[in-house]
Amino acid sequence: MASLHTATLIGSVSILLWGTLALLTRMTGGVIPEFQLMSMTFGIAFLLMLARWRWRKQSGVVFIRQPLAAWGLGVAGLFGYHFVYFKAMTLAPAVEVSLLAYLWPLLIVLFSALLPGEKIRKTHLLGAILALLGCWILVGQNASGFQSQYVQGYLLALLCALIWSSYSVLSRLVKSVPTDAVGWFCAVTSVLALICHLIWEETVWPQTLVQWVGVVGLGLGPVGIAFFTWDYGVKHGNIQLLGTLAYSAPLISVVLLLMAGEAEPSSAILYASLAIVGGSFIAGRKWA
């Protein structure tokens with residue numbers, strides 16, 4: 001039980017780091033093409049794992065030897081999610097895409113019932129739905145409403161939710177694959193993103209120190225450490241609770257933007273906070 005709690009705590013670090021995504025992305029100035037930024041940040045994530053191997057005097061080559069299923073799952077999860085997400089953003093408004101894509105925590109809670117030895121408690125489901133409501137209040141306050149001409153983008157956004165939730169849940173079935181292998185998944189994702197960048201985008205390098213700090217921060221935190229801690233958490237921790245806690249990420253993002261003076265307080269933020277915190281409390285508490 002202690003190891004379960006520890007793994008859940010480690011997995012929750014990812015949620016805190018994903019909460020910094022909006023602020024760090026804003027620091028990049030929004031001028032770096034998506035696939036270029038993706039290639040740079042996943043490349044930094046690989047270098048971070050490489051540094052870990054060097055520090056432990058290990059050869060990272062040993063972690064390449066993983067089952068094909070693990071490789072397919074890892075690359076499809078990391079690269080596939082981001083590729084589909086960026087495509088969805090070109091076909092539908094960003095707010096609506098975010099609303100649909102952020103169904104993945106709820107899907108994690110639902111899909112986890114299919115795992116051996118797992119079952120959904122009513123508190124997990126109730127907490128996840130309440131937190132989802134809070135997330136939709138928070139993200140959707142500037143939504144213009146779903147419109148039929150954007151249906152392709154909406155479907156791709158739903159595919160995003162399906163990809164990431166499936167990646168997270170299915171990772172449980174390959175828990176014998178060490179988290180170090182995710183470093184190689186990040187390397188392949190970086191290369192694939194570079195190929196997409198060279199095909200579809202023009203290169204734009206960061207022009208200021210702040211922009212470079214944003215890029216490096218993304219690579220070290222939300223794209224780097226976060227994917228490593230998430231891998232460990234979903235493989236060995238309470239996956240239903242992690243799914244519910246994931247709805248805290250957009251709330252953390254807004255709080256950081258408020259602290260940085262990049263956002264304004266509103267009643268929507270208050271209501272969303274109550275719903276997300278309340279949902280997480282319900283999901284995490286063991287009721288008699």
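Helices here are DSSP runs of H or I with at least four residues, and strands are runs of E with at least two. The structure under discussion is a predicted model.

Let me start with the annotation. An unreviewed UniProt entry places the feature "domain: EamA" at residues 9–139 and 153–281. Over residues 153–281, the chain is 78% helix and 0% strand, with the end C-alpha atoms 33 Å apart. For residues 9–139, the corresponding figures are 74% helix and 0% strand, and the end C-alpha atoms lie 26 Å apart.

I turn next to the largest pocket. The space within this pocket amounts to about 1500 Å³. Its lining comprises 42 residues, and those nearest the centre are L21, A22, T25, Y85 and S98. Which helices supply at least two residues each of that lining? They are α2 (21–27), α3 (34–55), α4 (68–91), α5 (94–101), α7 (122–139), α10 (209–236) and α12 (248–259). By residue class, the lining of the largest pocket contains 30 nonpolar, nine polar and three charged residues.

Is V84 buried or exposed? Its relative accessibility is 11%, and V84 therefore counts as buried, the cut-off being under 20%. Apart from neighbours within four places in sequence, V84 is in contact with L156, L159, C160 and I163. As for L158, this residue stands 74 residues from V84 in sequence, while their C-alpha atoms are 9.6 Å apart in space.

That concludes my presentation; I welcome your comments.

Definitions and conventions: Residues numbered from 1 in each chain as written. Predicted model: local features only at pLDDT ≥ 70, side-chain atom pairs only at ≥ 80, totals over all residues. Heavy atoms only, no water. 1 Å grid on protein atoms, 1.4 Å probe; cavity = no way out; pocket = protein on both sides within 12 Å on 5 of 7 lines; lining within 4 Å. Points joined across faces, edges and corners; volume = space filled by probe spheres on them. Nonpolar A, V, L, I, M, F, W, Y, C, P; charged D, E, K, R; others polar. UniProt positions renumbered as here; feature names shortened; annotations may be inferred. Buried < 20%, exposed > 50% of the residue type's maximum accessible area, 1.4 Å probe, protein only. Contact = heavy atoms within 4.5 Å.
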